[in-house]
Amino acid sequence: MRIAMIGGGYVGLVSGACFAEFGINVAIVETNPARLSALREGRIPIYEPGLDALVASNSQAGRLTFGDDIASAVAGAEAVFIAVGTPPRNGDGAADMQYVHAAARQIAEALTGYAVIVTKSTVPVGSSRRIAEIIRQARPEADFDVASNPEFLREGSAIGDFMRPDRVIIGLDQTRPERASRAEDVLRRVYRPLSVIEAPLLFTGLETAELTKYASNSFLAMKISFINEMADLCETLGADVHDLARGMGLDDRIGRKFLQPGPGYGGSCFPKDTLALSRIAQEAHSACRLVETTVQVNEARKAGMAGRIIAACGGSVAGKTVAVLGLTFKPETDDMRESASIPILHRLAEAGADIRAYDPVGMAAAKSLLPESVTYCADALDAAQQADVLVVLTEWNIFRALSPVELSNRMRTRTIVDLRNIFDPAAMRAAGFTYESVGRP
Ligand code: NAD
Ligand code: UDX
């Protein structure tokens with residue numbers, strides 16, 4: 001079987017490599033010259049654990065190829081996946097569909113025989129039908145069907161999520177059952193290896209599949225904002241948010257995951273998808289008030305975190321040294337998109353702080369997004385040199401093992417603001433630190 005993947009970013013590259021691992025021949029089309037030349041030279045342009053080995057073995061086996069020629073990738077492919085970006089449109093937060101529509105036009109020109117055009121990008125409801133229209137307009141004689149197959153992988157654990165998904169959602173045009181069953185047959189063959197692990201394949205209509213992606217991400221974002229608000233309440237009332245989360249999460253109806261409080265969610269998906277769902281509802285003359293509120297609660301939380309750090313420094317950071325551990329929106333990724341570190345560091349720099357930052361893999365991507373005055377350090381202990389406060393922004397495992405004694409030997413003032421709750425409060429206080437975390441007494 002042969003398939004094409006349009007877009008070789010986080011989703012396209014991981015999905016393409018995993019499909020190749022399933023035994024399928026995958027041609028990835030990437031138009032960004034820097035990304036493409038890296039991939040062709042065997043370098044992985046993003047940081048994702050395990051991806052380099054997976055790409056290398058499948059490239060060597062000849063099942064995974066990279067290029068910028070869409071015509072040769074699409075010719076003979078039974079399925080063409082679209083995995084290009086859908087960033088928020090300036091002004092209103094709706095998904096910017098220009099890259100998806102451009103890809104659809106290019107695919108139309110390249111089609112040689114029957115293929116299923118599958119949207120993996122997160123797209124507004126109605127997009128699959130719009131893609132079909134674009135292709136029909138460009139090539140009225142083309143033989144194709146469209147499908148929506150939203151992707152649920154998380155950065156940092158993307159390969160495991162893809163290979164062992166909780167579910168695969170596939171939306172088809174159920175108003176045309178014969179066409180839908182032809183497309184279903186192709187996609188069942190693409191995902192056949194997952195039947196061994198009994199991962200459910202859920203077939204729905206196109207609109208339902210598109211909406212399920214936004215609903216899932218928005219629900220998870222809402223869950224995080226809920227626990228963040230509970231953390232604030234715990235601080236005021238003297239309760240412990242971790243015990244509270246455990247107490248709630250042991251109820252299967254609630255579930256234990258995504259109840260970790262922090263500085264506010266970031267990343268390339270939750271912020272943009274919650275905004276886009278709000279917009280989708282408004283355009284449908286409806287409303288998702290819970291989701292709109294989640295967006296506001298999260299923005300306010302990220303913006304407010306710098307104030308918390310300033311308060312921990314006695315009301316001013318002017319002329320003080322702030323050591324920052326972790327810059328990416330979560331550990332095990334180099335992705336800085338919508339990271340809480342961005343508003344926090346800008347606010348601290350404006351307030352006159354000298355910032356010494358360290359992140360295991362995110363510093364290169366961080367430089368263009370953070371204040372120019374930030375000093376990038378060799379490791380966590382280097383960042384802590386002469387610091388007046390140490391702030392944990394991303395819970396990289398390597399930070400958990402830091403010795404309180406070594407930190408205290410380097411810092412000027414022993415104050416820690418741990419916004420990911422990675423340290424033991426008792427141990428830090430015993431080592432002489434003024435220690436503040438999230439939602440713990
Ligand atoms: P990305 O920006 O990392 O990758 C998109 C890639 O597509 C870029 O490398 C770009 O150069 C390339 N591209 C754009 N137009 C092209 C074209 N016409 N031909 C070939 N290549 C083209 O984006 P991403 O993070 O992989 O996200 C892609 C989509 O998947 C988005 O809709 C996103 O919402 C969704 N998604 C992302 C994640 C995630 O964790 N990043 C998870 C699930 C879903
Ligand atoms: C998310 C979805 O989980 C995934 O299904 C979708 O395909 C893409 O968007 P991702 O953004 O890679 O994945 O990471 P995720 O682990 O969901 O974390 C997103 C943000 O929420 C991070 O900033 C993280 O720190 C934060 N988070 C997550 C919390 O603050 N608390 C939690 O309990 C979980």
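**Group meeting: a walk through the predicted model**

Hi everyone, let's start with strand 1, residues 2-6: four of its five residues are buried, so this strand is largely enclosed by the rest of the structure. By buried I mean that 20 or more other C-beta atoms lie within 10 Å of the residue's own; 12 or fewer makes it exposed, anything in between is partly exposed, and the C-beta atoms are placed from the backbone. Helices (H or I, at least four residues) and strands (E, at least two) are DSSP runs, numbered from the N terminus.

A quick word on conventions. This is a predicted model, in which local features need pLDDT of at least 70 and side-chain atom pairs count only at pLDDT 80 or more, while totals for chains, interfaces and linings use all residues. Residues are numbered from 1 along each chain as its sequence is written, and chains are lettered from A and ligands numbered from 1 in the order in which they are written.

Back to strand 1. Its partner is strand 2, residues 25-29, with five bridges in the parallel sense; two strands pair if DSSP finds at least two bridges between them. Within that pairing, alanine 4 sits opposite alanine 27 of strand 2.

Now the whole protein. There are 19 helices and 14 strands. The radius of gyration, taken over C-alpha atoms, is 24 Å, close to the 22 Å from the globule rule for 441 residues, so the protein is as compact as a globular protein of that length. That rule, for the record, is 2.2 Å times the number of residues to the power 0.38. The C-alpha trace spans about 75 × 50 × 45 Å along its principal axes, and 46% of the 441 residues count as buried. Of the contacts with a separation of 6 or more, 72% join residues 24 or more positions apart; a contact needs C-beta atoms, placed from the backbone, within 7 Å.

On to domains, whose bounds come from an automatic or database domain assignment. We have domain 1 (2-199), domain 2 (215-296) and domain 3 (302-436). The C-alpha centres of domain 1 and domain 3 are 38 Å apart, and their contact takes six residues from domain 1 and seven residues from domain 3.

Where does ligand 2 sit in this scheme? Its shell draws at least three residues from each of domain 1 and domain 2. Of the 19 residues around ligand 2, the nearest are Glu155, Gln260, Tyr265, Gly267 and Cys269, where near means a C-beta atom, placed from the backbone, within 6 Å. Helix 10, residues 206-237, gives the largest share of that shell, three residues.

Finally, the open sheet of six strands, with parallel pairing and the order 11-10-9-12-13-14. Its edge strands are strand 11 (375-376) and strand 14 (434-436), each pairing on one side only. Strand 9 and strand 12 (residues 389-392) pair over four bridges, with leucine 325 opposite valine 392 in strand 12.

Is valine 317 buried or exposed? Valine 317 counts as buried, because it has 25 C-beta neighbours inside 10 Å. Its contacts, leaving out residues up to four places away in sequence, are Ile310, Val322, Leu348, Ala351, Gly352 and Ala353. With alanine 353, 36 residues away along the chain, the C-alpha separation is 5.1 Å.

Definitions and conventions. Contact = placed C-beta atoms within 7 Å.
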